[in-house]
Amino acid sequence: MTLEELASYLRVTKKTIYRLLEKGSIPAIKVGHQWRFDKASIDSWLREGSKKETVNILIIDDEEEICSLFKDTLEESRYTVMTVNSSSKGLEIIKDQGFSLVFLDLKMPIIDGAELFGRIRKIRPDLPVTIITGYPDSDLMMKALAYGPLGVMNKPFSGSDILAAVNNYLRFVD
């Protein structure tokens, strides 16, 4: 892959890739004056992630398929993952347990993701939350943004997108 293709694959900017290259933390080969990346090596690098501490991740989504995709992908990379299918259950668990990161569906029944995000901010203001949405330009998304900074993951996505999102988060907390 070229640098541009990798940036698109990881859904990050080229500047982020250059920073990783400077630190020597991403597998790459320099051919002439250009960097090249092997997809299998990148996927392996994503799976490895950060093993410095236990990373507990909570997924709150009413779609069982989405929860299964997150759980299967992240547990394969040795992360601790919990999934719940309702906002109220998610809020209850956040009150009682410590998580490193939360992925939260925007469109949820009863308590929507924006409202739940606001409640999470009151309980755990520093807990990183990534909103999962197929509606990034919706009024509901604008409501969520009013509660503070958050990550956004647009549907549809793949397992490699999930790993990239988690590993990007971990790079900022290292």
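# A walk through the predicted model

Ser87 is buried, at 2% relative accessible area. Here buried means under 20%, exposed over 50%, and partly exposed in between, using a 1.4 Å probe and protein chains only. This is a predicted model, where local features need pLDDT of at least 70, side-chain atom pairs count only at pLDDT 80 or more, and totals for chains, interfaces and linings use all residues. Residues are numbered from 1 along each chain as its sequence is written, and side-chain values use heavy atoms, with hydrogens and water left out.

Stay with Ser87 for a moment. Its place is in helix H5, residues 87-96. Helices (H or I, at least four residues) and strands (E, at least two) are DSSP runs, numbered from the N terminus. Setting aside residues up to four places away in sequence, Ser87 touches Ile60, Met108, Pro109, Ile111 and Leu116. Contact means heavy atoms within 4.5 Å.

Now turn to the nonpolar cores. Such a core is a set of buried Ala, Val, Leu, Ile, Met, Phe, Trp, Tyr and Cys residues joined through side-chain atoms within 4.5 Å. The largest one has 34 residues. Leu10, Phe70 and Leu74 have the most contacts inside it. At least two residues come from each of H1, helix H2 (14-23), H3, strand E3 (56-60), helix H4 (64-76), E5 and H8. H8 gives the largest share, six residues.

Leaving aside neighbours within four places in sequence, Leu74 is in contact with Ile57, Ile59, Tyr79, Val81, Ile162, Leu163 and Val166.

Next, a pair of helices. Two packed helices are described by the angle between their axes and the distance between the axes. Helix H1 spans residues 3-10 and helix H3 residues 39-48. Their axes come within 12 Å and cross at roughly 35 degrees. Axes are lines fitted to C-alpha atoms, for helices over the stretch in contact, and angles run from 0 to 180 degrees between N-to-C directions. The crossing of H1 and H3 is right-handed. From H1, Leu6, Tyr9 and Leu10 meet Lys39, Ile42, Asp43, Trp45 and Leu46 in H3. By class, this contact has six nonpolar, no polar and two charged residues. Ala, Val, Leu, Ile, Met, Phe, Trp, Tyr, Cys and Pro count as nonpolar, Asp, Glu, Lys and Arg as charged, and the others, Gly among them, as polar.

How many aromatic pairs does the structure hold? There are three. Rings of Phe, Tyr and Trp (its six-membered ring) pair if their centres lie within 6.5 Å; planes under 30 degrees apart count as stacked, over 60 as edge-to-face and the rest as tilted. Phe70 and Phe103 form a tilted pair, 4.8 Å centre to centre, with 45 degrees between the planes. Phe70 sits in helix H4 and Phe103 in strand E5, 33 residues apart, so the pair links distant parts of the chain. Phe70 is buried at 0% relative accessible area. Phe103 is buried too, at 0%. Phe117 and Tyr147 form an edge-to-face pair, 6.5 Å centre to centre, with 80 degrees between the planes. Phe117 is in helix H6, and Tyr147 is in the loop between helix H7 (139-145) and E7. They stand 30 residues apart. Phe117 is buried at 0%, whereas Tyr147 is partly exposed at 33%. Ring pairs also link Phe70, Phe103 and Phe157 into a cluster.

Ile131 lies in strand E6, residues 129-133. It is buried, at 0% relative accessible area. The C-alpha atoms of Ile131 and Gly151 are separated by 6.0 Å, though the two are 20 residues apart along the chain. Asn56 is in strand E3 and is partly exposed at 23%. Asn56 and Phe99 are 43 residues apart in sequence, yet 4.9 Å apart in space, C-alpha to C-alpha.

Finally, the backbone. Most residues other than glycine have a negative phi, and most peptide bonds are trans. Phi of Ile110 is near 65 degrees, a positive value. Ile110 lies in the loop between strand E5 (101-105) and helix H6 (113-123). Ile110 is exposed, at 89% relative accessibility. A cis peptide bond joins Lys155 and Pro156, with omega about -5 degrees. Pro156 is in the loop between strand E7 (151-154) and helix H8 (159-173).

Terms used
Left-handed = near helix turned anticlockwise from the far one by under 90°.
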